[in-house]
Amino acid sequence: MPHNEEIQDAGNVRRLLCPYLKNTITQRFGVGLTQAIIEGREANDLTQKQLSEATGIAQADISRLENGTGNPSIRTLKRLAAGLGMQLKLEFVPLTLTSK
């Protein structure tokens, strides 16, 4: 990560941080979410534009989600699920405890 003195303006921030932010959705959720969006859209025989119109989510944002560079909110995921005739399911699972 760059040092603070290297960041002089917003343009530099974006240029320096882009490599760290690439594939955000894949890093946070794994390829499963990206693949679920693509497969759900294709199973419903929808283009990105049609899914955009059904959900109110910009087509460019759907494209970013499908290519793994988006960072969706829970609200966006719920809207996508509804537009695909699906239900969003989030899980919290216990951490594995190691014995000492």
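T55 counts as buried, because its relative accessibility is 11%, where buried means under 20% relative accessible area, exposed means over 50%, and partly exposed lies in between (1.4 Å probe, protein chains only). This residue sits in helix α4, which covers residues 48–55; helices here are DSSP runs of H or I with at least four residues, strands are runs of E with at least two, and both are numbered from the N terminus. A polar atom of the T55 side chain lies 2.8 Å from the backbone oxygen of L51. Leaving aside residues up to four places away in sequence, T55 touches I62, R79, L80 and G83, with contact meaning heavy atoms within 4.5 Å.

All of this is read from a predicted model, in which local features need a pLDDT of at least 70 and side-chain atom pairs count only at pLDDT 80 or more, while totals for chains, interfaces and linings use all residues. Residues are numbered from 1 along each chain as its sequence is written, and side-chain values use heavy atoms, with hydrogens and water left out.

The protein chain holds 6 helices and 0 strands, and buried residues make up 27% of its 100 residues. Among contacts between residues at least 6 apart in sequence, 49% join residues that are at least 24 apart. The average pLDDT, which is the predictor's confidence in each residue on a scale from 0 to 100, is 78 for the protein chain, and 66% of the residues score at least 70. Confidence is highest in α4, at 97, and lowest in helix α1 (residues 10–21), at a mean of 51. Over residues 1–8 the pLDDT is below 50, and this stretch has 9 contacts in the model beyond near neighbours in sequence.

The largest nonpolar core consists of 9 residues, namely L33, I37, L51, I57, I62, L65, L77, L80 and L84; such a core is a set of buried Ala, Val, Leu, Ile, Met, Phe, Trp, Tyr and Cys residues joined through side-chain atoms within 4.5 Å. The elements that contribute two or more residues to this core are α3 (31–43), α5 (59–66) and α6 (74–83).

Helix α5 deserves a separate look, with I62, L65 and E66 as its buried residues. They lie on the same side of α5, because they cover an arc of only 95 degrees around the axis, the arc being that of the directions from the helix axis to the C-beta atoms. An α-helix has 3.6 residues a turn, so residues three or four places apart point the same way. After α5 comes G68, whose phi is positive, near 85 degrees.

The structure also holds 3 salt bridges, each defined as a side-chain nitrogen of Lys or Arg within 4 Å of a carboxyl oxygen of Asp or Glu. One of them joins the side chains of E66 and R41, at 2.6 Å from N to O. E66 belongs to helix α5 and R41 to helix α3, so this pair ties together parts that are 25 residues apart in sequence. E66 counts as buried at 11% relative accessibility, and R41 counts as buried at 12%.

Another salt bridge links the side chains of D61 and R64, at 2.4 Å from N to O. These two residues are 3 residues apart in helix α5, and are therefore separated by about one helical turn. D61 counts as partly exposed at 32% relative accessibility, and R64 is partly exposed as well, with a relative accessible area of 38%. In helix α4, the side chains of K49 and E53 meet in a salt bridge at 3.6 Å, N to O, and these residues are 4 residues apart, about one turn of the helix. Both K49 and E53 are exposed.

D45 lies in the loop between α3 and α4, and has a positive phi of about 55 degrees although it is not a glycine. Most residues other than glycine have a negative phi. D45 is exposed, with a relative accessible area of 66%. In the segment after α6 one finds L90, which is exposed, with a relative accessible area of 53%. The C-alpha atoms of L90 and I74 are separated by 9.5 Å, and these residues are 16 residues apart along the chain.

Note on methods:
Polar contact = N/O pair within 3.5 Å; in protein donor to acceptor, adjacent residues only side chain to side chain.
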